[in-house]
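Biologist: I would like to learn how to read a new model. Could you take me through it one feature at a time?

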Amino acid sequence: MELISGYSALSVKMADQTLMASILALLFGFVVLYRLVFKKNGETKSESESSAVTTTTVISRSKNGADVDADVIIVGAGVAGSALAHTLGKDGRRVHVIERDLKEPDRIVGELLQPGGYLKLIELGLEDCVEEIDAQKVFGYALFKDGKATRLSYPLEKFHSDVSGRSFHNGRFIQRMREKAASLPIVQLEQGTVTSLLEESGTIRGVQYKNKSGEELKAYAPLTVVCDGCFSNLRRSLCTPKVRVTKLFIFLLV
Ligand SMILES: Cc1cc2nc3c(=O)[nH]c(=O)nc-3n(C[C@H](O)[C@H](O)[C@H](O)COP(=O)(O)OP(=O)(O)OC[C@H]3O[C@@H](n4cnc5c(N)ncnc54)[C@H](O)[C@@H]3O)c2cc1C
(Lines give C-alpha, C1' and ligand atoms only; values in the text may rest on other atoms or scores of the structure.)
Protein backbone atom coordinates (compact mmCIF):
# COMPACT_ATOMS: atom_id res chain seq x y z
CA MET A 1 0.00 0.00 0.00
CA GLU A 2 2.74 2.24 1.06
CA LEU A 3 4.59 1.51 -2.14
CA ILE A 4 1.47 2.11 -4.23
CA SER A 5 0.65 5.37 -2.50
CA GLY A 6 4.34 6.35 -2.80
CA TYR A 7 4.16 5.64 -6.52
CA SER A 8 0.92 7.65 -6.80
CA ALA A 9 2.50 10.54 -4.98
CA LEU A 10 5.51 10.32 -7.31
CA SER A 11 3.36 10.24 -10.47
CA VAL A 12 1.28 13.16 -9.17
CA LYS A 13 4.51 15.03 -8.49
CA MET A 14 5.78 14.21 -11.99
CA ALA A 15 2.46 15.25 -13.50
CA ASP A 16 2.73 18.54 -11.55
CA GLN A 17 6.25 19.09 -12.87
CA THR A 18 5.16 18.36 -16.46
CA LEU A 19 2.26 20.78 -16.07
CA MET A 20 4.53 23.42 -14.59
CA ALA A 21 7.04 22.93 -17.40
CA SER A 22 4.26 23.30 -20.00
CA ILE A 23 2.99 26.48 -18.35
CA LEU A 24 6.51 27.91 -18.16
CA ALA A 25 7.16 27.03 -21.84
CA LEU A 26 3.85 28.66 -22.78
CA LEU A 27 4.69 31.78 -20.77
CA PHE A 28 8.17 31.93 -22.27
CA GLY A 29 6.72 31.61 -25.79
CA PHE A 30 4.18 34.32 -25.02
CA VAL A 31 6.86 36.68 -23.67
CA VAL A 32 9.07 36.12 -26.74
CA LEU A 33 6.10 36.73 -29.09
CA TYR A 34 5.01 39.80 -27.13
CA ARG A 35 8.53 41.27 -27.20
CA LEU A 36 8.81 40.69 -30.95
CA VAL A 37 5.47 42.40 -31.67
CA PHE A 38 6.07 45.16 -29.15
CA LYS A 39 9.56 45.87 -30.53
CA LYS A 40 8.20 46.09 -34.08
CA ASN A 41 5.50 48.59 -33.06
CA GLY A 42 7.94 50.51 -30.89
CA GLU A 43 10.36 50.91 -33.79
CA THR A 44 7.63 52.22 -36.09
CA LYS A 45 6.48 54.72 -33.47
CA SER A 46 9.89 56.09 -32.58
CA GLU A 47 10.65 56.35 -36.29
CA SER A 48 7.60 58.52 -36.84
CA GLU A 49 8.34 60.60 -33.78
CA SER A 50 12.03 61.14 -34.43
CA SER A 51 11.72 63.87 -37.06
CA ALA A 52 9.08 66.22 -38.41
CA VAL A 53 7.25 63.74 -40.61
CA THR A 54 8.89 60.51 -41.67
CA THR A 55 7.90 57.69 -43.92
CA THR A 56 6.78 54.57 -42.11
CA THR A 57 7.37 51.15 -43.61
CA VAL A 58 4.51 49.21 -45.14
CA ILE A 59 3.34 46.71 -42.53
CA SER A 60 3.04 43.74 -44.87
CA ARG A 61 2.92 43.04 -48.54
CA SER A 62 1.34 40.34 -50.62
CA LYS A 63 3.46 38.42 -53.13
CA ASN A 64 2.94 40.93 -55.93
CA GLY A 65 4.00 43.78 -53.67
CA ALA A 66 0.49 44.98 -52.92
CA ASP A 67 -0.18 46.40 -49.48
CA VAL A 68 -3.33 44.76 -48.19
CA ASP A 69 -3.16 45.89 -44.61
CA ALA A 70 -5.36 48.96 -44.69
CA ASP A 71 -9.04 49.61 -44.20
CA VAL A 72 -8.73 52.94 -45.97
CA ILE A 73 -6.24 54.42 -48.43
CA ILE A 74 -6.00 58.20 -48.43
CA VAL A 75 -4.33 59.95 -51.34
CA GLY A 76 -2.80 63.25 -50.22
CA ALA A 77 -1.85 64.55 -46.79
CA GLY A 78 -2.95 68.14 -47.03
CA VAL A 79 -5.37 69.55 -44.48
CA ALA A 80 -8.19 67.23 -45.64
CA GLY A 81 -6.17 64.00 -45.91
CA SER A 82 -4.31 64.50 -42.62
CA ALA A 83 -7.44 65.37 -40.64
CA LEU A 84 -9.27 62.38 -42.11
CA ALA A 85 -6.35 60.02 -41.42
CA HIS A 86 -6.18 61.12 -37.80
CA THR A 87 -9.94 60.85 -37.31
CA LEU A 88 -10.19 57.38 -38.87
CA GLY A 89 -7.06 56.21 -37.04
CA LYS A 90 -8.50 57.35 -33.71
CA ASP A 91 -11.57 55.32 -34.63
CA GLY A 92 -9.39 52.20 -34.91
CA ARG A 93 -9.21 52.07 -38.73
CA ARG A 94 -5.97 51.01 -40.38
CA VAL A 95 -5.13 53.91 -42.64
CA HIS A 96 -2.52 54.06 -45.39
CA VAL A 97 -1.83 57.64 -46.43
CA ILE A 98 0.19 58.21 -49.60
CA GLU A 99 1.52 61.75 -49.93
CA ARG A 100 3.55 63.01 -52.87
CA ASP A 101 5.88 65.19 -50.80
CA LEU A 102 6.30 64.96 -47.05
CA LYS A 103 8.48 68.07 -46.81
CA GLU A 104 6.94 71.18 -45.31
CA PRO A 105 4.74 72.73 -48.03
CA ASP A 106 5.59 76.28 -49.01
CA ARG A 107 2.57 77.74 -50.76
CA ILE A 108 0.56 80.89 -50.24
CA VAL A 109 -2.71 79.15 -49.36
CA GLY A 110 -4.73 78.49 -46.23
CA GLU A 111 -3.08 81.05 -43.98
CA LEU A 112 -6.28 82.11 -42.23
CA LEU A 113 -8.31 79.69 -40.14
CA GLN A 114 -11.72 81.09 -39.30
CA PRO A 115 -13.12 80.59 -35.74
CA GLY A 116 -15.46 77.92 -37.09
CA GLY A 117 -12.42 76.05 -38.38
CA TYR A 118 -10.79 76.25 -34.96
CA LEU A 119 -13.98 74.85 -33.37
CA LYS A 120 -13.79 72.00 -35.88
CA LEU A 121 -10.18 71.33 -34.85
CA ILE A 122 -11.32 71.09 -31.22
CA GLU A 123 -14.08 68.68 -32.24
CA LEU A 124 -11.51 66.50 -34.03
CA GLY A 125 -8.95 66.69 -31.20
CA LEU A 126 -6.53 68.55 -33.47
CA GLU A 127 -6.48 71.96 -31.79
CA ASP A 128 -2.86 71.54 -30.66
CA CYS A 129 -1.87 71.66 -34.35
CA VAL A 130 -2.01 75.46 -34.14
CA GLU A 131 0.43 75.45 -31.23
CA GLU A 132 4.20 75.96 -31.65
CA ILE A 133 3.80 77.25 -35.20
CA ASP A 134 3.78 80.93 -34.27
CA ALA A 135 0.04 81.19 -35.00
CA GLN A 136 -1.56 84.56 -34.30
CA LYS A 137 -5.07 84.90 -32.89
CA VAL A 138 -7.48 86.71 -35.21
CA PHE A 139 -10.59 88.41 -33.81
CA GLY A 140 -12.10 89.94 -36.93
CA TYR A 141 -11.39 92.21 -39.86
CA ALA A 142 -10.29 95.81 -40.18
CA LEU A 143 -11.50 97.83 -43.15
CA PHE A 144 -9.60 100.83 -44.43
CA LYS A 145 -10.91 103.28 -46.97
CA ASP A 146 -10.28 106.95 -47.75
CA GLY A 147 -8.32 107.49 -44.57
CA LYS A 148 -11.08 105.97 -42.43
CA ALA A 149 -11.00 102.63 -40.64
CA THR A 150 -13.57 100.39 -39.06
CA ARG A 151 -13.49 97.04 -37.34
CA LEU A 152 -15.67 94.00 -37.93
CA SER A 153 -15.32 91.67 -34.97
CA TYR A 154 -16.26 88.00 -34.98
CA PRO A 155 -19.28 87.34 -32.72
CA LEU A 156 -17.32 85.25 -30.21
CA GLU A 157 -19.00 86.40 -26.98
CA LYS A 158 -20.61 83.02 -26.31
CA PHE A 159 -17.38 81.04 -26.72
CA HIS A 160 -14.39 80.20 -24.55
CA SER A 161 -11.70 82.91 -24.70
CA ASP A 162 -9.39 80.61 -26.68
CA VAL A 163 -11.86 80.43 -29.58
CA SER A 164 -10.86 82.83 -32.34
CA GLY A 165 -9.46 82.73 -35.83
CA ARG A 166 -5.81 81.82 -36.37
CA SER A 167 -3.33 83.08 -38.89
CA PHE A 168 -0.21 81.02 -39.61
CA HIS A 169 2.22 79.64 -42.13
CA ASN A 170 0.14 76.99 -43.87
CA GLY A 171 3.07 74.60 -44.34
CA ARG A 172 3.85 74.51 -40.63
CA PHE A 173 0.21 73.82 -39.83
CA ILE A 174 0.09 70.98 -42.38
CA GLN A 175 3.27 69.43 -40.92
CA ARG A 176 1.70 69.46 -37.47
CA MET A 177 -1.43 67.78 -38.84
CA ARG A 178 0.70 65.14 -40.60
CA GLU A 179 2.74 64.52 -37.43
CA LYS A 180 -0.43 64.15 -35.44
CA ALA A 181 -1.89 61.59 -37.86
CA ALA A 182 1.43 59.69 -38.11
CA SER A 183 1.72 59.56 -34.32
CA LEU A 184 -1.04 56.94 -34.31
CA PRO A 185 0.60 53.53 -34.90
CA ILE A 186 -2.44 52.47 -36.90
CA VAL A 187 -1.84 55.25 -39.44
CA GLN A 188 0.88 54.59 -41.99
CA LEU A 189 2.10 57.73 -43.74
CA GLU A 190 4.18 57.03 -46.80
CA GLN A 191 5.80 59.28 -49.35
CA GLY A 192 4.68 58.33 -52.83
CA THR A 193 2.84 59.59 -55.88
CA VAL A 194 -0.39 57.92 -56.81
CA THR A 195 -0.46 57.48 -60.56
CA SER A 196 -3.84 55.80 -61.01
CA LEU A 197 -6.81 54.33 -59.26
CA LEU A 198 -7.25 50.56 -59.57
CA GLU A 199 -10.73 49.83 -60.81
CA GLU A 200 -12.44 46.47 -61.17
CA SER A 201 -15.98 46.12 -62.49
CA GLY A 202 -16.75 49.74 -61.70
CA THR A 203 -15.39 49.59 -58.14
CA ILE A 204 -12.21 51.29 -56.94
CA ARG A 205 -10.07 48.61 -55.28
CA GLY A 206 -7.03 50.69 -54.48
CA VAL A 207 -4.24 52.68 -56.07
CA GLN A 208 -1.10 52.33 -58.11
CA TYR A 209 1.75 54.49 -56.87
CA LYS A 210 5.41 55.17 -57.11
CA ASN A 211 7.17 55.19 -53.73
CA LYS A 212 10.11 57.35 -52.66
CA SER A 213 12.62 54.91 -54.15
CA GLY A 214 10.80 54.94 -57.48
CA GLU A 215 9.28 51.48 -57.10
CA GLU A 216 5.88 50.98 -58.76
CA LEU A 217 3.53 49.52 -56.15
CA LYS A 218 -0.13 48.72 -55.74
CA ALA A 219 -2.10 49.14 -52.54
CA TYR A 220 -5.57 47.76 -51.93
CA ALA A 221 -8.25 48.67 -49.41
CA PRO A 222 -12.04 48.48 -49.22
CA LEU A 223 -12.18 52.29 -49.37
CA THR A 224 -9.99 54.82 -51.18
CA VAL A 225 -10.39 58.52 -50.44
CA VAL A 226 -8.83 60.98 -52.85
CA CYS A 227 -7.75 64.18 -51.04
CA ASP A 228 -5.27 65.41 -53.61
CA GLY A 229 -6.35 69.03 -53.73
CA CYS A 230 -7.70 71.39 -56.34
CA PHE A 231 -5.13 70.37 -58.98
CA SER A 232 -6.19 66.74 -58.77
CA ASN A 233 -5.23 64.48 -61.65
CA LEU A 234 -7.21 61.57 -60.27
CA ARG A 235 -10.52 63.45 -60.19
CA ARG A 236 -10.52 63.50 -63.96
CA SER A 237 -10.53 59.71 -64.02
CA LEU A 238 -13.65 59.66 -61.83
CA CYS A 239 -15.73 62.42 -63.38
CA THR A 240 -15.64 65.24 -65.89
CA PRO A 241 -15.78 68.38 -63.79
CA LYS A 242 -17.21 71.41 -65.56
CA VAL A 243 -15.39 74.01 -63.51
CA ARG A 244 -15.83 77.66 -64.44
CA VAL A 245 -13.17 79.92 -62.93
CA THR A 246 -15.00 83.04 -61.85
CA LYS A 247 -12.30 84.84 -59.89
CA LEU A 248 -8.55 85.04 -59.56
CA PHE A 249 -6.28 85.71 -56.59
CA ILE A 250 -3.33 87.95 -57.31
CA PHE A 251 -0.50 88.22 -54.78
CA LEU A 252 2.31 90.68 -54.59
CA LEU A 253 5.36 89.22 -52.87
CA VAL A 254 7.52 91.90 -51.24
C1 LIG B 1 -4.52 81.40 -53.08
C2 LIG B 1 -5.29 80.62 -52.09
C3 LIG B 1 -5.49 81.12 -50.82
C4 LIG B 1 -6.24 80.40 -49.90
N5 LIG B 1 -6.43 80.91 -48.65
C6 LIG B 1 -7.11 80.22 -47.74
C7 LIG B 1 -7.30 80.69 -46.42
O8 LIG B 1 -6.82 81.77 -46.05
N9 LIG B 1 -7.97 79.94 -45.54
C10 LIG B 1 -8.50 78.71 -45.89
O11 LIG B 1 -9.09 78.06 -45.04
N12 LIG B 1 -8.35 78.23 -47.14
C13 LIG B 1 -7.70 78.94 -48.06
N14 LIG B 1 -7.52 78.44 -49.32
C15 LIG B 1 -8.10 77.14 -49.64
C16 LIG B 1 -7.24 76.03 -49.05
O17 LIG B 1 -5.89 76.19 -49.45
C18 LIG B 1 -7.75 74.69 -49.56
O19 LIG B 1 -9.13 74.59 -49.28
C20 LIG B 1 -7.03 73.56 -48.90
O21 LIG B 1 -5.65 73.62 -49.12
C22 LIG B 1 -7.56 72.25 -49.46
O23 LIG B 1 -6.96 71.21 -48.75
P24 LIG B 1 -6.80 69.78 -49.38
O25 LIG B 1 -6.21 68.91 -48.33
O26 LIG B 1 -8.09 69.37 -50.01
O27 LIG B 1 -5.78 69.96 -50.59
P28 LIG B 1 -4.25 70.38 -50.58
O29 LIG B 1 -3.94 71.25 -49.43
O30 LIG B 1 -3.95 70.87 -51.94
O31 LIG B 1 -3.51 69.00 -50.34
C32 LIG B 1 -3.45 68.00 -51.34
C33 LIG B 1 -2.28 67.10 -51.02
O34 LIG B 1 -2.31 66.00 -51.93
C35 LIG B 1 -1.00 65.74 -52.40
N36 LIG B 1 -1.13 65.11 -53.71
C37 LIG B 1 -1.61 65.66 -54.85
N38 LIG B 1 -1.62 64.75 -55.83
C39 LIG B 1 -1.11 63.60 -55.30
C40 LIG B 1 -0.86 62.30 -55.83
N41 LIG B 1 -1.14 62.00 -57.10
N42 LIG B 1 -0.33 61.36 -55.01
C43 LIG B 1 -0.05 61.64 -53.73
N44 LIG B 1 -0.29 62.86 -53.16
C45 LIG B 1 -0.81 63.82 -53.95
C46 LIG B 1 -0.33 67.12 -52.45
O47 LIG B 1 1.08 67.00 -52.39
C48 LIG B 1 -0.92 67.80 -51.23
O49 LIG B 1 -0.12 67.60 -50.07
C50 LIG B 1 -6.78 79.15 -50.27
C51 LIG B 1 -6.55 78.62 -51.54
C52 LIG B 1 -5.80 79.35 -52.45
C53 LIG B 1 -5.55 78.76 -53.81
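This is a predicted model: local features need pLDDT of at least 70, side-chain atom pairs count only at pLDDT 80 or more; totals for chains, interfaces and linings use all residues.

Biologist: Which strands join β2, and in which sense do they run?

Modeller: β1 is joined to β2 by four bridges, and the two run parallel. Within that pairing, Ile74 has Val97 in β2 as its bridge partner. β8 is also joined to β2, by five bridges, again running parallel. There, Glu99 has Gln191 in β8 as its bridge partner.

Biologist: What happens between β8 and β9?

Modeller: β8 and β9 pair in the antiparallel sense, over eight bridges. Leu197 stands opposite Val207 in β9. Together β8 and β9 form a hairpin with two residues between them, and Ser201 in the turn has a positive phi of about 50 degrees.

Biologist: In what order do the three strands of the open sheet lie?

Modeller: The order is β3-β7-β4, with antiparallel pairing. β3 (112-113) and β4 (136-138) are the edge strands, each pairing on one side only. Two bridges join β3 to β7 (residues 165-167), and Leu112 stands opposite Ser167 in β7.

Biologist: Now a helix, please. What should I keep in mind?

Modeller: An α-helix has 3.6 residues a turn, so residues three or four places apart point the same way. Take α4, residues 170-182: this helix has 13 residues and reaches 18 Å from its first C-alpha to its last, close to the 18 Å expected at 1.5 Å a residue.

Biologist: Is α4 mostly covered or mostly exposed?

Modeller: Mostly covered: ten of the 13 residues in α4 are buried. Among them are Phe173, Ile174, Met177 and Ala181.

Biologist: What does Met177 touch away from its neighbours in sequence?

Modeller: Leaving aside neighbours within four places in sequence, Met177 is in contact with Val79, Ser82, Ala83, Leu126 and Cys129. Met177 also belongs to the largest nonpolar core, which has 31 residues. Those with the most contacts inside this core are Ile73, Ile74, Val75, Ala85, Val97 and Met177.

Biologist: Which elements give two or more residues to this core?

Modeller: They are β1 (72-75), α2, β2, α4, β8 and β9 (203-211). You have already met Val97 as the bridge partner of Ile74, and both are on the list of core residues with the most contacts.

Biologist: And the ligand: which residues come nearest?

Modeller: Of the 23 residues around the ligand, Gly76, Gly78, Ala80, Val109 and Gly229 come nearest. α2 (79-90), β2 (95-99) and β8 (187-200) each supply at least two residues of the shell, and α2 gives the most, with three.

Biologist: How many of the shell residues are nonpolar, polar and charged?

Modeller: The shell divides into eleven nonpolar, seven polar and five charged residues.

Biologist: Finally, how do I view the protein as a whole?

Modeller: Start by counting elements: the secondary structure comes to five helices and eleven strands. Then look at burial: buried residues make up 24% of the 254 residues.

Notes
Residues are numbered from 1 along each chain as its sequence is written. A residue is near a molecule or strand if its C-beta atom, placed from the backbone, lies within 6 Å of it. Ala, Val, Leu, Ile, Met, Phe, Trp, Tyr, Cys and Pro count as nonpolar, Asp, Glu, Lys and Arg as charged, and the others, Gly among them, as polar. The expected span of a helix is 1.5 Å times one less than its number of residues. A residue is buried if 20 or more other C-beta atoms lie within 10 Å of its own, exposed if 12 or fewer, and partly exposed in between; C-beta atoms are placed from the backbone. Two strands pair if DSSP finds at least two bridges between them. A nonpolar core is a set of buried Ala, Val, Leu, Ile, Met, Phe, Trp, Tyr and Cys residues joined through C-beta atoms within 7 Å. Two residues are in contact if their C-beta atoms, placed from the backbone, lie within 7 Å.
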